Amino acid sequence: MTMIKPRSALVLPLVAALAAACSKTPEPTATTAPEPPSTSKPAEPAQPAAAPTAPAAGGQQAAGAELAWDAPASFESAPNPNSMRKATYRIKRAAGDPEDAELSVMPAGGSVDANITRWVGQFSEKSADSPKRSELKVNDIKVTVVEVKGTFAGSGMPGMPVSDPKAKHALLGAIAEMPSGDLWFFKMTGPEKTVTGARADFDKLVNSLRVK
């Protein structure tokens, strides 16, 4: 005959097992390691856009630029007789000469050779060493210097008064070729002794030429 255990006999062992399980120390749970501090640099503020670079000399900027120079103290500024002139200077006459010399400054067209031929054609009875021609480079400007001596018949420029031929006169001229291709004239005419005496100051002016 099978015997049936009372319900309490079954419940007590189960309760004891649960109590034992609850009394165990709980195992530590895995934790995530703290992240190291960030070493990345903060974002830099945006920099303003750089200004556009000006064109180098000889580019578009120089093409429209004007010519600048330094006039010696011995060259006295005078009024321009017409709108073509950009500057006019008087050079005081040397002892014994009948008049002052004049230096005119103006932009002009045509070629260098054509203008030199015109200048030389303004003289008759030229000296044996005329004309003289030389070239130099000043601040990226090609300069052609011309000397003529003889009897000066006048410039022949429109608007200028016609003058009688003047013996023992001289022309000292410089034609500056700009990087743009434009030409500028520096033309001194007057008594030979006065023009020859002003040659050193004329050379100083030529060597000061620069694109403005």
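**Close-up views of a predicted model**

View 1. At 1% relative accessibility, Trp119 counts as buried. The model shown here is predicted. Trp119 lies in helix 3. Leaving out residues up to four places away in sequence, Trp119 touches Val146, Leu171, Gly173, Ala174, Ile175, Phe185 and Lys187. Phe152 is 33 residues from Trp119 in sequence. In space, the C-alpha atoms of Trp119 and Phe152 are 9.9 Å apart.

**View 2. The chain as a whole.** The protein chain has 5 helices and 10 strands. It has 212 residues, and 30% of them count as buried. Its accessible surface comes to about 14300 Å². Carbon and sulfur atoms account for 57% of that surface. How many of the contacts between residues at least 6 apart in sequence join residues at least 24 apart? The share is 59%.

**View 3. The largest nonpolar core.** This core has 27 residues. Those with the most contacts inside it are Trp69, Phe186, Met188, Phe202 and Leu209. Strand 3 (87–91), strand 4, strand 7, strand 8, strand 9 and helix 5 each supply at least two of the core residues. Strand 8 gives the largest share, 4 residues.

**View 4. Contacts of Met188.** Met188 is among the residues with the most contacts inside the largest nonpolar core. Neighbours within four places in sequence are left aside here. Beyond them, Met188 is in contact with Phe75, Ile91, Ala101, Glu102, Leu103, Ala170, Leu171, Leu172, Val195, Ala198 and Phe202.

**View 5. The buried side of helix 5.** Helix 5 spans residues 199–207, and Phe202, Leu205 and Val206 are buried in it. Why do these residues lie on the same side of helix 5? They cover an arc of only 100 degrees around the axis, which puts them on the same side. Their cover includes strand 2 (75–78), strand 4 (101–108) and strand 6 (132–138). It also includes strand 7 (141–152), strand 8 (166–177) and strand 9 (183–191).

View 6. Lys204 forms a salt bridge with Asp201. Their closest N and O atoms are 3.9 Å apart. Lys204 and Asp201 are 3 residues apart in helix 5, so about one helical turn separates them. Is Lys204 buried or exposed? At 56% relative accessibility, Lys204 counts as exposed.

**View 7. Arg133 and Asp113.** These two residues form a salt bridge, with the closest N and O atoms 2.9 Å apart. The pair links distant parts of the chain. Arg133 is in strand 6 and Asp113 in helix 3 (residues 112–120), 20 residues apart. Arg133 is partly exposed, with a relative accessible area of 46%. Asp113 is also partly exposed, at 45% relative accessibility. A network of salt bridges links Asp113, Arg133, Glu135 and Lys142.

**View 8. Asp100 and Arg93.** The side chains of Asp100 and Arg93 meet in a salt bridge of 3.1 Å, N to O. Asp100 counts as partly exposed, at 30% relative accessibility. Arg93 is partly exposed too, with a relative accessible area of 44%. The model has a count of 13 salt bridges.

**View 9. The ring pair of Trp69 and Phe186.** The count of aromatic pairs comes to 5. In one of them, the rings of Trp69 and Phe186 have their centres 5.2 Å apart. Their planes stand at 90 degrees, so the pair is edge-to-face. The pair links distant parts of the chain, 117 residues apart. Trp69 lies in the loop between strand 1 (67–68) and strand 2, and Phe186 in strand 9. Both Trp69 and Phe186 are buried. Ring pairs link Trp69, Trp184 and Phe186 into a cluster.

**View 10. The ring pair of Phe123 and Phe152.** This aromatic pair is tilted. The rings are 5.0 Å centre to centre, with 40 degrees between the planes. Phe123 lies in strand 5 (residues 123–124) and Phe152 in strand 7, so the pair ties together parts that are 29 residues apart in sequence. Phe123 counts as buried, at 5% relative accessibility. Phe152 counts as buried as well, at 8%.

Note on methods
Residues are numbered from 1 along each chain as its sequence is written. This is a predicted model: local features need pLDDT of at least 70, side-chain atom pairs count only at pLDDT 80 or more; totals for chains, interfaces and linings use all residues. Side-chain values use heavy atoms; hydrogens and water are left out. Buried means under 20% relative accessible area, exposed over 50%, partly exposed in between (1.4 Å probe, protein chains only). The arc is that of the directions from the helix axis to the C-beta atoms. Contact means heavy atoms within 4.5 Å. Accessible areas come from the Shrake-Rupley method with a 1.4 Å probe; for residues, only the protein chains shown count as cover. A salt bridge is a side-chain nitrogen of Lys or Arg within 4 Å of a carboxyl oxygen of Asp or Glu. A nonpolar core is a set of buried Ala, Val, Leu, Ile, Met, Phe, Trp, Tyr and Cys residues joined through side-chain atoms within 4.5 Å. Rings of Phe, Tyr and Trp (its six-membered ring) pair if their centres lie within 6.5 Å; planes under 30 degrees apart count as stacked, over 60 as edge-to-face and the rest as tilted.
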